[in-house]
Amino acid sequence: MSAKAISEQTGKEFLFKYICTSAAVQNRFRYANVTAETDWDRLTQDHPWLLSERLVVKPDQLIKRRGKLGLVGVNLDLPQVRQWLRARTMKEVTVGKAKGILKNFLIEPFVEHKQEEEFYVCIYAMREGDYVLFHHEGGVDIGDVDAKAQKLLVGVDEKLTEEAVTEQLLQHVAGDKKKVLASFIVGLFNLYEDLYFTYLEINPLVVTQSGVYVLDMAAKIDATADFICKPKWGDVEFPPPFGREAYPEEAYIADLDAKSGASLKLTILNPKGRIWTMVAGGGASVVYSDTICDLGGVNELANYGEYSGAPSEQQTYDYAKTILSLMTREKHLDGKVLIIGGSIANFTNVAATFKGIVRAIKDYQEPLKEHEVTIFVRRGGPNYQEGLRVMGEVGKTTGIPIHVFGTETHMTAIVGMALGHRPIPNVPPVAAHTANFLLNSSSSAATPATSRTASFSESNVGNDITPSKKLKPGVPPELQAPPGGTGAKATTLFSQHTKSIVWGMQTRAVQGMLDFDYICSRVEPSVAAMVYPFTYVSPPFLEPFTRSSVSSFFNLILWKAFCFFITCGSGDHKQKFYWGHKEILLPVFKNMADAMKKHPEVDVLISFASLRSAFDSTMETMQYPQIHTIAIIAEGIPEALTRKLIKTADEKGVTIIGPATVGGIKPGCFKIGNTGGMLDNILASKLYRPGSVAYVSRSGGMSNELNNIISRTTDGVYEGVAIGGDRYPGSTFMDHVLRYQDTLGVKMIVVLGEIGGTEEYKICQALSDGRITKPVVCWCIGTCATMFSSEVQFGHAGACANQASETAVAKNQALMEAGVYVPRSFDELGDVIRSVYDDLVAKGEIVPAQEVPPPTVPMDYSWARELGLIRKPASFMTSICDERGQELIYAGMPITEVFKEEMGLGGVLGLLWFQRRLPRYACQFIEMCLMVTADHGPAVSGAHNTIVCARAGKDLISSLTSGLLTIGDRFGGALDAAAKQFSKAFDSGMLPMEFVNKMKKDGKLIMGIGHRVKSINNPDMRVQILKDFVKQHFPATQLLDYALDVEKITTSKKPNLILNVDGFIGVAFVDLLRTCGGFTRDEADEFVEIGALNGIFVLGRSMGFIGHYLDQKRLKQGLYRHPWDDISYVLPEHMSM
């Protein structure tokens, strides 16, 4: 969720601290927070004004209209305040439909004033800009603000001036107050923008002769802007809506979510409820809640939540065990049901996530049986068959009733089964295994003949849109800029000629796009190039030719020849992919300008940039007029930045899909990234050729479910777009519905709307005006929201109704009245689509065509291994080190045991390197550094070289040197670099967030941050051991604390961006040199500069290299030759596609 409500105290703290205005803002920071546990003696010491002034007291728990509810005590002294609180603290009250306990109160000075000195001011965000509302009469009796207040729109990227405020808002204000109010409102607006508020209301705002008083305030901020506003916000607490308790389990899941690149959400509605859910996907989670409520389960629904974004097995285990723990605390007379549901995943490995859930079920099998829990499972997506098999097996082995269903079953059918409204099939139909779709039965490597690419209802349609101006030579009509000049957007976004650039090293998504292209019988791949502005990572086949290994004239010639070969043409380097059976190379550029210059045919950008860099990279992309469509995958871009993107896109005629989306798909032509899932789903949903139905939804997972529903009820999908779940998607429902209306191949339109916003009403208006004439089927999800007693924020940021017209129920009713085909529930959506389709077929508007089988694509090695179809012998044997587990092991001894030996090398090293007798704790730390850097398995570059050299019969020195020569910036040399980077940033006074943002802006990696295996959820025991020692023994750890603050920022982006062991040793060693008392500051800095820290790594790792040499000799391993099947032979004839 983006817009989150903050407490009144937090909002006023922000205002008092950061507002810039010439108006005299009074009573700054004069408030006191009170709970049932408050120590009143301490409170009056901290706030002595409580003893001398008249006071106001009120609950601070996101309660609206407190004055009208009698929840404000006015003009009281302190004893009266305490008496008022005793009558209300920890008491239950009802506000609307919500019942809650009054726990948190705010005491402020009472402000003596007249009624005419009260005003109302409110600022709130909309797609087109920010509205400022002002009314010259404030207070509890203001009434209908929207009808009464003066309103001023400040457009995106525009500034608010005092002149505009005075002229448009303050007409009814006395002259002596206009200047004060104008200055305050402008300052308030600037504060609102700078701190990324989305809503800020003050009522009343009191203006007297002495100044401005902010009496009551309500506010929301954009929580996704934390990475920008952290220095000013600090650690913000977001209170739950009134009427819902804040459970520690919710906080635990929120913490997991913050540390994960995936999405994990949990809201507890009724801890005693009988119906519990564990649903994958933001949209799907809403649909399941709707269905439960529609079938009468609203009072028994225990929770709302969702997991999505490919969480790891460990993350799903932690999520599942939290829910199972909650649901097995109290018994229910009728037993309980757990619904493990979801739509058809686009990229999440269902089997991997289900393994985590299965682990949790096994751990809780006895409580689950004791509480008579029945589990219903329905899921689809990559490797879902294996996931369902594992889930079914655990039911048999544990004795827990588990009913398992796949994509052959309607998504929400399991809800009816769980609630007893429909029978449970004895033997559900079994869908084909992933392998059946991917294994190739043909021996031909050639691209098959083109299959049907016209719409299923048309025999041959050349172009959907007839161009109205002369075409550019060499560019297909559908890729031309639309007529009308700047700002006009294309009706046809994708065709069989569409070429794209992918921003980000998303090799899996690119391969999925190429496989889709292949089965659609495209002549050329849809991906022309990739852009990855960070460090170049050489592919495995380059390792023999790294510069450090160019030790002979022959190797030098090979190196130069290969450099010319690999860089000739375009791109900073090449990345290998498959085109059907063949291997091809795609260029990877370090900057957008080169990519655009080399590929003028590209008109689509697919951005996998992170939430931090997506704005800048998208703004850069829109500088190139060749780009007509941009898909932004990232979730969590601040709304203010998204609105700037939308404004620029509208000016330049660019269509944006996203943010927070999986993308879209045009069967037979083009797909964005991971849209549509794996090939088995694409083939099952017939997405390799166009049908007659176009759809638009917010949810990516639900768009894949629509693919499934439409393929089963009609001739298939013509085009589908998921616009994204944010409040302000780059393109709207209407943008795409109107495109579909103007596209000849589209015969009917499906819209999956949702709670929040008013976009669906535009469809009603367009139908009324005759702008839309094609049949429209629409259903808005989120109907359950009106049944809940307290506000629930669903998985999508935009899925929240701020007024009655934004509820799903109201929109469905309006759509039905406008002539849209609206089902009674999502359960019936497929039936309504089928009915409308059948009617079009009966009228002859759709003529179903003969099905043409698509070409087959070979299975990737990784998926064949995942499905257990192949096995591969290991290339190495080792008996001295194992780095795979929770803790590094040397020759069978865990590293924690190694430390217990307390070897005395640290003292010797101190004398030889530093000419100092170091304190005992410093010696111990050095020894610990040597121990943890001694080895990290046979797979890393240095150990690999040492083993190969030893197996070639070389001596110890040659083998060891071969390993040591690999140590550099990419391997093992991060200690010095990390120490220098963090020291420079810390010494210059940069905040951690500023440091991270600067490195991001400069396109540089933060040395010492990141790990391939370990993460915040799977911590590196070596780092933990060293950290515990340092915290206990070092006099000060300023630089380490700074680095750990940086780690908090980087792990919020990606959980494996941890402070790794190299980075930890680097920053801790700087702290040691600066604070142990043995060195001047200049001496300490000099030791870092001359490479002493990298020496720690070299010395420590030498022990491991020698061990590997001896191990290979002892095992009598023969000459090593690398297997052919692990080498890509890239010969000149294979360079072209």
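**Labels and their cut-offs**

Trainee: Why is Thr322 called buried?

Mentor: Thr322 has 7% relative accessibility, and buried means under 20% relative accessible area, exposed over 50%, partly exposed in between (1.4 Å probe, protein chains only), so Thr322 counts as buried. A word on the source: this is a predicted model, where local features need pLDDT of at least 70 and side-chain atom pairs pLDDT 80 or more, while totals for chains, interfaces and linings use all residues. Residues are numbered from 1 along each chain as its sequence is written, and side-chain values use heavy atoms, without hydrogens and water.

Trainee: What makes Lys321 and Asp318 a salt bridge?

Mentor: The term asks for a side-chain nitrogen of Lys or Arg within 4 Å of a carboxyl oxygen of Asp or Glu. Their side chains meet at 3.7 Å, N to O, so the pair qualifies.

Trainee: Is Asp318 buried or exposed?

Mentor: Asp318 counts as buried, because its relative accessibility is 8%. Lys321, at 26%, is partly exposed.

Trainee: Why is Arg824 called exposed?

Mentor: Its relative accessibility is 68%, so Arg824 passes the cut-off for that label. Its salt-bridge partner is Glu828, with the closest N and O atoms 2.8 Å apart. Glu828 has 23% relative accessibility and is therefore partly exposed.

Trainee: How do you know that Asp216 and Arg66 form a salt bridge?

Mentor: Their closest N and O atoms are 3.8 Å apart, so this pair also meets the definition. Arg66 is buried, with a relative accessible area of 10%, whereas Asp216 is partly exposed at 22%.
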